[in-house]
Amino acid sequence: MQKYTEILKKLNYNFKQTDLYKYKPFFGNIKYLLEYQEALENPLLAQTRILKKIIKKNKKTEYGIKYNFSEIKTINDFQKKVPIITFKDIEKDIERLKKGEQNIFTKDKVVYFASTSGTTSKIKLVPVTKDRVKNFKREFSLWALDLIKKSANVFGGKTLYFAGPYFEGETEGNIKYGSISGYLIYKAPWFIKSKITNKVRIYNEMNFNKKIKKMAISALKTKNITQIGFTTPIEAILFFDYIKRNKTKLIKEIEKTNKERANYLKSIEDFKPINIWKHLSLINCFKSETNMMYIQTLLEKLGKEIEVRDPGINASEGRLSIGIGKDGVSGIPPLNESFFEFIDINKKNAKPITIDKLKLNGKYKVIITTSEGLYRYDMGDVITVTGFKKKIPYIRFYNRENFLNIAGELAYEDEIVKAMVKTIKDLKINIKHYTFLPYIKNLSRKPRYEVLIDFEKELNEKKIKEFIKKLDSNLQEIINDYKQMRNEFGRLDTPVVSVLRKGSYDMYDKKRVVASGNPKPINICKDAGFRNNFEIEKTYKL
């Protein structure tokens, strides 16, 4: 315990002796804390070590032989010999893994596949080895240390946690696949599971109505929920709407086993979460710009302004950051788990650089090499540097390299989102859901954007056309290429707005919650056929 105390003090975590014993299970492996301490002083050394470890371990795999891992001695060697790839480049080999073949990318056996959510029906499966669970425990220890330091009372209660099904099916080779969020909780140690309000097996319920009912009963039975964890606010909004709408039925279910709790719930006049769980004090969710719009709605439904923190960027492919930034949004890359390269998006033909070369406020595309067989993998995520913890950069999600380009306008997702947010503020209206996609109905006419929209309140035709004009104006103001295509080049026409039937987008999101537990907002979609997922009441044009 004395060694723990010394290390924690060096990391500026000062705990009472009684608290050390109380929270020790959450601190994780002391070796990882030592590695983290060293990385703070020399991040490049930490990165060099982990890269050498990954390369050495997997040099006799098919991929290792193909790219001469045995000859790689330095980061420069690695960058020269191994190409940057996307999922399409390794898709055929992934198919072989799914059939049960091994030793293709890693010496370690592939024990699971993480499924990813997307806008198409085809599931993308990412290989997972035993390292993923081991790394999760290590990541959790750093995150928990930071949370205990700032909000120790949170650990005194339970967590309402939303996750996807960890078992969606099996591949031809009898390897299970599912949501990484559910899998990591399923494989988590007892002290993490003990903090979740419901049994982990509930996440495997594929019927949304049954799943939300079971989670609601478990949560309402729990007196002391202190935090909520989810990826996107949509999940929590749907959940809180459900318990309010079904209050009487849910209380009747609880009354069968706990009359005292049922009577307390009956006594609550304003059935808001903050009145149900009075010690609720923290929300953990991904704080993207789009999510921030939904977070305000969530807090209103919650009944109180409470702290919202970002736990970090964790994708099916791997973790990019651990959310321990002082701003509640930024995090540090797990430098002792994966090797990271960064490409400056503001420089033409920029070459990949290492962690020590990042600059404050710089924006970089991330290339990741993991211990699970992804080598120089382009995730399409762009991060920005917000500060430094000693020599390790704090990073936060900036955008996904996602854009619409139907007439040469190259409109990035974050820019489109900014235009939409500005339009909403300018007109003082509320929108529940929206998605931009190409609208090319007649090849003899100019293409344009279609915006699928679920308005909070019904708008008349005059208001909707005012919305279209304002949106078009804001898109031109924010996206110069869009402005040029609309005016100088005359290639684009004004957007059209397709108003969705009430509840149509909610139904689509419910399916995604059940399928992946991770319904990231689909702000833009390059597939015009995406509209077929919804019931459209009417399409409006200028």
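Which helix does T423 lie in? T423 lies in helix α17, residues 413-427. Helices here are DSSP runs of H or I with at least four residues, strands are runs of E with at least two, and both are numbered from the N terminus.

Some ground rules before we go on. This is a predicted model, so to speak of local features we need pLDDT of at least 70, side-chain atom pairs count only at pLDDT 80 or more, and totals for chains, interfaces and linings use all residues. Residues are numbered from 1 along each chain as its sequence is written, and side-chain values use heavy atoms, with hydrogens and water left out.

Back to T423. Is T423 buried or exposed? T423 is buried, at a relative accessible area of 0%. Buried means under 20% relative accessible area, exposed means over 50%, and partly exposed is in between, with a 1.4 Å probe and protein chains only. Which residues does T423 touch, leaving aside neighbours within four places in sequence? They are F467, K470, L471 and N474. Contact means heavy atoms within 4.5 Å.

K428 lies in the loop between α17 and β15. K428 is not a glycine, yet its phi is positive, about 55°. K428 counts as exposed because its relative accessibility is 76%.

Now the mixed sheet. Four strands form an open sheet, in the order β15-β16-β17-β18, with mixed pairing. Two strands pair if DSSP finds at least two bridges between them. The edges are β15 (431-439) and β18 (536-540); each has a single partner strand, so one side of each is left without a neighbour in the sheet. Neighbouring strands are turned by 20° against each other on average, direction ignored. For the angles, axes are lines fitted to C-alpha atoms, for helices over the stretch in contact, and angles run from 0 to 180 degrees between N-to-C directions.

β15 and β16 (residues 448-455) run antiparallel, joined by eight bridges. Y439 has R448 in β16 as its bridge partner. α17 packs on this sheet and touches β15 and β16, with its direction at about 135° to that of β15. L437 stands opposite E450 in β16. β15 is mostly covered, with eight of its nine residues buried.

Next, the parallel sheet. Four strands again form an open sheet, here in the order β3-β6-β7-β8, and the pairing is parallel. The edge strands, β3 (158-161) and β8 (307-309), each pair on one side only. The twist averages 25° from one strand to the next. β7 (residues 282-284) and β8 run parallel, with three bridges. N284 stands opposite R309 in β8.

Which helix packs on that sheet? Helix α8 does, touching β6 (225-229), β7 and β8, and its direction makes about 165° with that of β8. Of the 22 residues in α8, 17 are buried.

On to a helix pair. The axes of α11 (residues 208-221) and α13 (residues 247-255) come within 10 Å and cross at roughly 65°. K213, A216, I217, L220 and K221 in α11 meet L250, E253 and I254 in α13. That makes five nonpolar, no polar and three charged residues in the contact. Ala, Val, Leu, Ile, Met, Phe, Trp, Tyr, Cys and Pro count as nonpolar, Asp, Glu, Lys and Arg as charged, and the others, Gly among them, as polar.

β9 (residues 339-344) and β10 (residues 363-369) pair antiparallel over six bridges. I343 has K365 in β10 as its bridge partner. F339, E341 and I343 point one way from β9, F340, F342 and D344 point the other way, and all are buried.

R376 is found in the loop between β10 and β11. R376 is not a glycine but has a positive phi of about 50°. R376 counts as buried because its relative accessibility is 4%.

β11 (residues 377-389) and β12 (residues 392-400) pair antiparallel over eight bridges. T384 has R396 in β12 as its bridge partner. Their hairpin has two residues between the strands, and K390 there takes a positive phi near 55°.
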